[in-house]
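Hi everyone, thanks for coming.

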Amino acid sequence: MVDYKNPSLVVETASLEPGDITWRSPSNLAIIKYWGKHGKQLPKNPSLSLTLSSAFTDTKVEYRPKETGDPAISLEFFFHQEPNEAFKERVVKFLESVTDIFPFLKQLHLTIHSGNSFPHSSGIASSASAMSALALCLCSLEDRFFNTLEDDEEFDRKASYVARLGSGSACRSIYPVAALWGEFSEVPGSSDLFAVPMQEQVHEVFHSFHDDILIVSSEPKAVSSRVGHELMDTHPFAEARYADARRRLHFLLEAMKKGDLETFGTIAENEALTLHGLMMSSNPSYLLMKPGTISVIERIREFRKETGHPVYFSLDAGPNVHVLYPEEIIYEVRPFIEEQLLPFCEDNQWLQDWVGDGPVEL
Ligand code: DP6
């Protein structure tokens with residue numbers, strides 16, 4: 001069992017020079033969804049995601065030694081240059097929860113600047129990119145102070161572990177192309193505690209796959225993901241769902257290895273609708289899809305039927321639609337999106353995204 005508690009990671013504050021660290025980390029799209037958790041951010045079923053590129057968070061952590069011995073987290077937090085109390089509260093809570101992993105956090109005054117590449121109010125979830133960027137900064141701090149994470153694989157694994165504690169889906173953003181989170185017997189080394197890289201296990205067609213995000217509505221969600229996960233605890237279909245996710249993962253891995261787009265797409269769409277089906281059948285039940293979501297889904301299916309092009313959809317916990325397709329049909333799909341799907345989007349908003357190389361230190 002990996003346990004990153006390490007009381008020896010304390011700094012000599014008298015000799016510590018102030019400094020800063022910045023990471024850019026992308027969002028990710030789960031094909032097999034994580035929905036339902038237990039214990040300390042442990043998933044009820046394994047999930048598999050594609051790592052994105054153009055939806056990312058930049059996070060800069062500035063640090064200096066504290067002048068007092070007060071062990072409370074000392075933080076100033078800016079989101080797009082503005083102080084943001086709500087985000088600060090969440091980050092303070094998260095930092096408090098990882099002081100046994102990074103005890104030096106109690107010795108520093110931190111100023112964090114964070115910002116997203118996509119408009120904050122676009123309805124695109126940012127917890128995966130934000131929490132992974134922050135976790136990477138914390139691991140870089142540790143490595144800078146103690147040289148303890150020189151091995152890249154160990155660095156990534158710890159960053160993924162820490163990111164998970166901030167937001168489950170964030171642990172998958174650490175790796176390029178694709179990542180799997182959750183113990184799964186067919187993937188050696190897989191774990192509930194951190195994600196593992198899957199780039200080598202997926203066909204090249206997925207390395208340049210597209211995921212254009214259509215903003216059907218940017219309104220804040222009526223029910224948060226936190227509450228959605230909780231509702232799975234008493235959901236009548238929960239056990240069947242977790243078993244089904246595992247069963248599908250087996251077929252998805254096989255399809256992604258071969259580059260079988262039809263099986264991939266069928267599973268991706270089924271997972272998206274299952275996620276929303278779970279919301280509609282939970283108690284209390286709720287609906288996050290909007291009429292535009294359904295219209296976009298129907299158009300995508302019609303377009304696929306008419307043209308034979310492998311274009312599929314996915315959904316996150318919200319009304320926006322992810323349009324999935326391989327690079328080679330971009331010149332057919334983009335005009336289709338612009339002409340037929342954008343009318344269902346709020347202010348014609350969409351974000352062109354694609355599978356990417358994972359986080360970078362700036
Ligand atoms: C529907 O990772 O946002 O996007 O762990 O509570 O932060 P917390 O939940 P979060 O849940 C993501 C749910 C999902 C599916 C997925 O990304 O796997």
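Let me begin with a definition: a residue is near a molecule or strand if one of its heavy atoms lies within 4 Å of it. With that in mind, 16 residues surround the ligand, and the closest are Tyr34, Ser167, Gly168, Ser169 and Arg172.

A word on the background. This is a predicted model, where local features need pLDDT of at least 70 and side-chain atom pairs count only at pLDDT 80 or more, while totals for chains, interfaces and linings use all residues. Residues are numbered from 1 along each chain as its sequence is written, and side-chain values use heavy atoms, with hydrogens and water left out.

Back to the ligand. Its shell has five nonpolar, seven polar and four charged residues; here Ala, Val, Leu, Ile, Met, Phe, Trp, Tyr, Cys and Pro count as nonpolar, Asp, Glu, Lys and Arg as charged, and the others, Gly among them, as polar. Which side chains have an N or O atom by an oxygen atom of the ligand? One of them is Ser167, at 2.6 Å. Ser169 has a polar side-chain atom 2.7 Å from a ligand oxygen, and for Asp316 that distance is 3.3 Å. The protein covers 91% of the 460 Å² of accessible area that the ligand has on its own (Shrake-Rupley method, 1.4 Å probe).

Now to the rings. The structure holds 14 aromatic pairs, meaning rings of Phe, Tyr and Trp (its six-membered ring) with centres within 6.5 Å; planes under 30 degrees apart are stacked, over 60 edge-to-face and the rest tilted. Among them is the edge-to-face pair of Tyr4 and Tyr161, 4.7 Å centre to centre with 80° between the planes. Both Tyr4 and Tyr161 are buried; buried means under 20% relative accessible area, exposed over 50%, and partly exposed in between (1.4 Å probe, protein chains only). Elsewhere, Tyr63, Phe102, Phe104, Phe145 and Phe146 form one aromatic cluster.

Last, some backbone details. His80 is not a glycine, yet its phi is positive, about 50°. Gln81 also has a positive phi, near 70°, and is exposed, with a relative accessible area of 64%. Finally, a cis peptide bond joins Asn283 and Pro284, with omega about 0°.

Definitions and conventions
Polar contact = N/O pair within 3.5 Å; in protein donor to acceptor, adjacent residues only side chain to side chain.
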